[in-house]
Amino acid sequence: MKNIGIIGGGSWGSALAQVLADNGHKVKIYMRDKSSVDEFNLKGTNEKYLPGIVFDRIIRASSDINELSDSEILIFAIPTQSVDSVISKIHNIFDDNAIFVNVAKGIEIKTYKRISQIFNKYIDEDRFVALSGPTHAEEVSIRMPSAIVASSVSERSMNIVQDLFMNKYFRVYTNEDLIGVELGGATKNILALGLGIADGLGYGDNTKAAIMTRGMHEIVRLGTKLGGSAATFYGLTGMGDLIVTSTSMHSRNRKAGICIGKGYSMDQTAKEVKMVVEGIKTCEAVYHLSNDLNIEMPITQEIYKILFKDSDVSNAVENLMERDKKREVLE
């Protein structure tokens, strides 16, 4: 049994807490909101994020981060844009051998950094593990069979995390391509927004298959330029995550895209989704990064224009369809 701390009591942090409790570990979740802490500890529920789920009572919640200081493993389940401000303040309260596991998927907008690069400002790189894959909290929390990937520059650390989470309904693979794993998880959210927009416009399967396939080609082009392996992007943390995020109503990125496709404003979309939509900020970061690197990403560019330049969604589709004729070349 290990002492596990989870920073962030949203849907994914709560679902992973249940996986760890099922595996016999002692789990504490840090939540900022005192009323959420009281609900979790008194009722074993987190109705705001996972309604109807009753969690194992071995899991405890706290609004005092210092109560997690004995954690051997720290799981960070917070939005990408908040990672630096949080880790900078709390990394020193944990043991020097503690392993830090990130489960968010994004790119920091100010620096274009992957999340591991943010953590590496404060901890040794061999203590960081990314846990990423096609896994909705709503399904994991009811123990539906799921598969995910643990990735690190340290084989020891990712093996520890694999053993920590692995059970009969939660299968964990390892992959040493940390760059590919992180970029696949982050960039597929952009495509999920685009696929949601297509749904909102009323387009069918043909359109969505084209966006998914050509969009993955863009991701591979960017990812390999930045040092990732093409094979990783066609695995669980790339294509697998894209499939689940772009086809499921559990996906907040797809929901946001549907709203935008129906003509909702960004403010209306945020009210409808009610949770952080990682793909929006990631789209902004990837748009600028691809321009800096001179990498052609037409689908990403059109989604960016819709989100940040008030481009009409119908014009975006026309722009993509009327591009110069090309051969389908798969590098």
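Reader: Why is Cys283 called buried?

Author: In this predicted model, the relative accessibility of Cys283 is 0%. The word buried is used under 20%, so Cys283 counts as buried.

Reader: What makes Cys259 buried or exposed?

Author: Cys259 has a relative accessible area of 7%. That value is set against the limit of under 20%, and Cys259 is therefore buried.

Reader: How do you know how many disulfides the structure has?

Author: A search through the whole structure gives zero disulfides. Cys259 takes part in none, and the nearest cysteine sulfur to its own, in Cys283, is 17 Å away. A disulfide requires two cysteine sulfur atoms within 2.5 Å. From Cys283, the closest cysteine sulfur is that of Cys259, and 17 Å is too far for a bond.

Reader: What makes Ser151 buried or exposed, and where does it lie?

Author: Ser151 is part of strand E7. Its relative accessibility is 0%, and the limit for buried is under 20%, so Ser151 counts as buried.

Reader: Which residues does Ser151 touch?

Author: Leaving out residues up to four places away in sequence, its contacts include Phe128, Val129, Ala130, Met158 and Asn175. Contact here requires heavy atoms within 4.5 Å. As for Leu183, it is 32 residues from Ser151 in sequence, and the two C-alpha atoms are 12 Å apart.

Reader: How do you know which strands stand at the edges of the sheet?

Author: The sheet is open and has eight strands in the order E3-E2-E1-E4-E5-E6-E7-E8, with mixed pairing. Strand E3 (60–62) and strand E8 (170–174) each have a single partner strand, so one side of each lacks a neighbour in the sheet. On average, neighbouring strands here are turned by 25° against each other, direction ignored.

Reader: Why are E1 and E4 said to pair?

Author: Pairing calls for at least two bridges between two strands. E1 (residues 3–7) and E4 share four bridges, in the parallel sense, and Gly5 stands opposite Leu74 of E4. E1 and E2 (residues 26–30) are parallel too, over five bridges, with Ile4 opposite Val27 in E2.

Reader: What joins E5 to its neighbours, E4 and E6?

Author: E4 and E5 (residues 99–102) pair in the parallel sense over four bridges. Leu74 stands opposite Phe100, and Phe76 opposite Asn102. E5 and E6 run parallel and are joined by three bridges; Val101 has Val129 of E6 as its bridge partner.

Reader: Which way do the residues of E4 point?

Author: In a regular strand, side chains alternate between the two faces of the sheet. In E4 (residues 73–76), Ile73 and Ile75 point one way, Leu74 and Phe76 the other, and all are buried. E5 likewise has Ile99 and Val101 pointing one way and Phe100 and Asn102 the other, all of them buried.

Reader: How do you know which residues line one face of H6?

Author: In helix H6 (residues 155–165), Ser157, Met158, Val161, Leu164 and Phe165 are buried. Looking down the axis of H6, these buried residues fall within an arc of 115°, so they line one face. On the other side, Glu155, Arg156 and Asp163 are exposed. H6 lies across E1, E4, E5, E6 (128–132), E7 (146–151) and E8, and runs at about 170° to E8.

Reader: What makes the phi of Asn294 worth a note?

Author: Most residues other than glycine have a negative phi. Asn294 is not glycine, yet its phi is positive, near 60°. Asn294 sits in the loop between helix H13 (278–293) and helix H14 (298–308). Asp310 also has a positive phi, near 55°, and is found in the loop between H14 and helix H15 (313–321).

Reader: Why are Asn294 and Asp310 called exposed?

Author: Exposed means over 50% relative accessible area. Asn294 has 70% relative accessibility and so counts as exposed. Asp310, with a relative accessible area of 73%, is exposed as well.

Definitions and conventions
Residues numbered from 1 in each chain as written. Predicted model: local features only at pLDDT ≥ 70, side-chain atom pairs only at ≥ 80, totals over all residues. Heavy atoms only, no water. Buried < 20%, exposed > 50% of the residue type's maximum accessible area, 1.4 Å probe, protein only. Helix = DSSP H or I, 4+ residues; strand = E, 2+ residues; numbered from the N terminus. Arc of directions from axis to C-beta. Axes fitted to C-alpha atoms, helices over the stretch in contact; angles between N-to-C directions.
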